[in-house]
Amino acid sequence: MAAGKLLSNFQCPNCGSAVSLRATGISLSVSCKNCRSIIGVENENYKILSQFEASKTVTPLIPIGTRGEIESILFEVIGFLERTDHLGYHPWREYLLFNPYHGFRWLVEAKGHWSYVTMIKKTVFQKNSSGEIDYQGRSYSLFDEGSAKVRYVWGEFYWRIKRNQELVTKDYVSPPYMLSLEQENSEIVWSQAIYQKAEFIQKTFNIQQVMPYSIGIAPHQPCFWGTVWDEVKWVSLCFLIVLTLIHCFLNSLNTQSLSHTQSATYIALPKGAVPSKGAFGIQPIREKDVLNSEIETPTFELKNNFTGLEVGLWADISNAWVASTFELVNCDTDETIPLESEVANYNGYDSDGYWSEGSNRVSNTISSVPKGRYFLRADIDADPALKKFDYQIMIKDGIIPLFNLILALFLVLCIPIFAYWRKWSFEVERWSESDYSPFSTGED
Amino acid sequence: MVSIPCPSCGAQVKLQSNLSVFAVCSYCQSSLVRNDLDIESLGKMSLPLNDVSPLQLGTEGVYQGKHFTLIGRVKKKWSDGYWNEWYAWFDSGEAGWIAEAQGFYSICFEVAHEDSILKITNLRPGQLYSFLEIDFYVADIKKNHIEFAEGELPYVGRAGVDSVSIDLNADVNQFACIDQSEAKTVFYRGFYLTFPEFKFQRLREIEGW
C-alpha cells in the first residue's frame, strides 16, 4: 500500500488564501490564518463553520508545525487554543499534539505552569468514602469546578470547533497528576495531566523566547519538600527507635561502680561567734560565720572512660533555698570540672488550699568524665533565713546523659520537621486557590 | 485458507478465515459475497481520498501473547468523521476487531448476548448498562454507515449500510460496543489499549513520519 500522506493544501473558501492541513483525513476543522474563519475539512467540500473575531492576535509560544519528543514519542503541534473561564479572567493556552501512530495529546500552559495531557477513555469514576476519586491507585481531591470557553483558535483540530461553546469543567488533583472532566450536555471527557517543568518544554520544543513567568503554585505542581518528607519520615522514625535502643543498651552496659552519699549539717552561727581555728575539729570557717558549708568526698575511682557522673544535692529545708558550687577534682592532674546546683522548696496555704513548688532534691550530670581518681568538693550557700539544716551530696557514675540522646534526636528530626513545615506551607498556598481547601475553616 | 475465483476478473481471491463471507478482490476492487458455493459480485469500491491510517491489511500485532494479522477493514462514517474497524485473524483461528479512531485503539470480540431491541434503542449517553456481569456506561451513540471495505470480512460490507454503534466504557479500560443494524444486534467486548501495547509490525508508512 502506498505511503499515507498527511499534508495537503487548499484555498480558504472565504478569503482565498492558502490553508495547509497537517493531519488530512483526520482533522475536522482548521482556522484560516488570514481571515480567522473556521473551515470544516471532513471532506473536500470545504465549508465555513464560524468566524472568530478576536480583538487581538495571540501568537502561540510554540508555533504550529513544531515537533518535539515527549515520553519517547515524537509529536507535532497542529493546533492552538486560548481558553478562559466564563468570566474571561483566567485565560490558559492549549497546544494540540499529534502523532499519526500514537494519536493526540495536549500541552497546557496556565500562569506559566505546563502540563502534558492525555485523554482517558473512561466515563465514570467512583468516589471513595472521603469524597475523593480513585484512578490507577491514586486518590484525587476535588480542586476546582468551573466552566471553559474558547477565546482564540489557530491550526487544526479533530473535532468541529464551535463558537461560544461553553463546557463545564472539574479538576481533581494528586500532584503531579490532575484529572480533569469536561462536560457538554451528556458528553463527558476525562483527561489526565502530568505537571511538566517549563525548562523541559522549552528544551523539547526548542523555544527561543523567554518562557512565561510562572505565578503562584499550580493545582498539581509537585512539592519538593513533600517528596523529601515522604522519603525521610520512615527513615527518621527508624533512627529515632535505633537511637533510643542504643541509649538504653549503653546504659545497661556501663557498670555502676560507684554510688556514694555523704551527709552533713549546715549551721549558721550568730554574728561574732567565730570559733577559733580548729575548735570543732572540722574545717575552719572563712568569710561567713557558717559551719560545714564546705565538704569533700573521699577519693574515688571512675573506671568507665568518658562516662557521665551524676551529682545530687538534697537539703532538708522548707520555704527556703540552698545552692552549691561543686568542683570535681582530678587527683592526678589537679584539673577541675565545675558544676552549680540549687534546690528550692516553697509551700503554704492559700484560698485554693495547700500548695508547694520546687523540691528538696536535684541531680545534675557531668558528661564525658575521663576515667581516673577524683574527689568532689561542695561549697554550700543557703538562704540567710536558714540557721541549721541537714544536707546530703550524692555521686553516681556510669550515667549516659539523656542530653546526648535529646541532641541526637533533635539532629535526626530537624530534616523531617523542616521538610514537613515547608510541605505544609506549600500545600496551604496551593489550596488557597481552591474553594475546596482542606486548610480552610469552612467559613469563607 | 481457501481460494475463490473473482467473477469479475478471474483472479484467485484468497481467504484466510473460513468465517469470511465477504471479500474485496485485490486486483479489480470488486466486492464479492460468498453464499455457500456461489460467489456474487457487488461491484467495485474505491478507496476514499485522504485515508490515512497507520494500519493496513497485513499489519501484524500481539494481544495477550497471541499473534494476529489484519485481514479486513470497514471504514465507517458518522456525522463528525470516520473510524476504522480492522478484522484481526489470530493464528489460533479466533477472530477479533481492532477499532481505530483519533489515535485511540481498542480490541474486542463478539460475545453471545441478547437483549430487547427496545431497551437497546432507548439507551442514552451516561446511562448504566450491565451485561455479562460487568457494569458499563454508555459513552456515545453514533449513527453510521459503511464508507469503504477491503480485505475479507465475516459479514457483507456493502457500502452505505446503516447501523447504530453504541460505545460503552467501564473501569480499568474495559470497552464494549453494541452494533445495531436492521438485520441484527451484535455485542462486542474488549479493552482499550495503547498503540505500543499491540506491538504492531508491517505498519503503513506515513510521509514525513
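1. A nonpolar core is taken here as a set of buried Ala, Val, Leu, Ile, Met, Phe, Trp, Tyr and Cys residues joined through C-beta atoms within 7 Å; a residue is buried if 20 or more other C-beta atoms, placed from the backbone, lie within 10 Å of its own. The largest such core has 45 residues, and those with the most contacts inside it are Tyr95(A), Leu96(A), Leu97(A), Phe98(A), Leu107(A) and Tyr172(A). Strand 12 (residues 138-157) of chain A gives the most to this core, with 6 residues (strands are DSSP runs of E, at least two residues, numbered from the N terminus). Apart from it lies another core, of 44 residues, which includes Leu168(B) and Phe175(B).

2. The model is predicted; local features need pLDDT of at least 70, side-chain atom pairs count only at pLDDT 80 or more, and totals for chains, interfaces and linings use all residues. Residues are numbered from 1 along each chain as its sequence is written, while chains are lettered from A and ligands numbered from 1 in the order in which they are written.

3. For chain B the mean pLDDT (the predictor's confidence in each residue, from 0 to 100) is 89. The complex receives an ipTM of 0.91 and a pTM of 0.77 from the predictor.

4. Contact (C-beta atoms, placed from the backbone, within 7 Å) joins 27 residues of chain B to 27 residues of chain A. To the side of chain B that touches chain A, strand 12 (residues 134-153) of chain B gives the most, with 3 residues.

Key
Two residues are in contact if their C-beta atoms, placed from the backbone, lie within 7 Å. Helices (H or I, at least four residues) and strands (E, at least two) are DSSP runs, numbered from the N terminus. A residue is buried if 20 or more other C-beta atoms lie within 10 Å of its own, exposed if 12 or fewer, and partly exposed in between; C-beta atoms are placed from the backbone.
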